[in-house]
Amino acid sequence: GVVWQEARLGFDIDTSNLAYFRTVATVPIALATSALIGLAVWLLGRLKSWRVAVAAGVVLAVDPYLTGMSQIAHLDALLALLMLSSTLAFFVYRRERRLVLLALAGMLAGLALATKLLPALWLFVFFGVVLLAQHRVLTPGVKHQVLVRRFVRIMGFLLGVAALTFYAAW
C-alpha cells in the first residue's frame, strides 16, 4: 500500500526501518490507551458500581474501534479515551465535590486539546451545559448571582487547568 503509493507519486523513501518506526510509534499509544481504560474503570467505579465499571472496561478493551486505532499511529482512540475520562472525572467531581477531581478533569481535557484541538473543545460546551442544567434543576431557590458566580468559578478553574496542561504538553 504505502510503498506503492510513494513509488507512484515519485517519492524515493527508504522503508528499511519501517517496522522499527511502527513499534516505536504504536507502543506509547497502546500503553496510554490501556492506562486510560484503567482510569475510566476507576472513575466509573466511583460513580456507579465496580461491577458495572469492570464490565465497561472489558467492553472498552475489546472495542474494535479502540483496538484498531491504538495499533496504528493514529490519535483518535487516545482522544476518545481522554474525553471519556475527563467527562467521568467531571461527573465524579459533581457528586463528591473534591477539587482534585475537577483538576483531573481539566488535565485530561487539556491533554485531549493537545491531541486534537477542535473535537476536544466540545468538552467545555458539554461541561457548561451540564453545570447550567444542574444549577437550574437542583437549586431553584438560590439567587441568580450565586449560580453565575459558582458557574464562572468552576468553569474558570477547569479551563485554567486545561490551558496549563495544554501549554505543558505542547
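At what angle do helix α2 and helix α5 pack, and how far apart are their axes? The views below show a predicted model, in which local features need pLDDT of at least 70, side-chain atom pairs count only at pLDDT 80 or more, and totals for chains, interfaces and linings use all residues. Residues are numbered from 1 along each chain as its sequence is written, and side-chain values use heavy atoms, with hydrogens and water left out.

**View 1. Packing of α2 against α5.** Helix α2 (residues 18–47) and helix α5 (residues 76–96) pack at about 20°, with axes 9 Å apart; axes are lines fitted to C-alpha atoms over the stretch in contact, and angles run from 0 to 180 degrees between N-to-C directions. Helices are DSSP runs (H or I, at least four residues) numbered from the N terminus. The two are therefore roughly parallel (angles under 35 degrees; over 145 counts as roughly antiparallel).

**View 2. Surroundings of Leu 43.** Leu 43 touches Ser 85, Leu 88, Ala 89, Val 92, Leu 101 and Leu 104, not counting residues up to four places away in sequence; contact means heavy atoms within 4.5 Å.

**View 3. Packing of α5 against α6.** The angle between α5 and α6 is about 160°, and their axes lie 8 Å apart. That makes α5 roughly antiparallel to α6.

**View 4. The largest nonpolar core.** This core holds 39 residues, and Leu 36, Leu 43 and Phe 90 are among those that touch the most other members. A nonpolar core is a set of buried Ala, Val, Leu, Ile, Met, Phe, Trp, Tyr and Cys residues joined through side-chain atoms within 4.5 Å, buried meaning under 20% relative accessible area (1.4 Å probe, protein chains only). α5 gives the most to this core, with 11 residues.

Notes. Angles under 35 degrees count as roughly parallel, over 145 as roughly antiparallel, 65 to 115 as roughly perpendicular and the rest as oblique. Buried means under 20% relative accessible area, exposed over 50%, partly exposed in between (1.4 Å probe, protein chains only).
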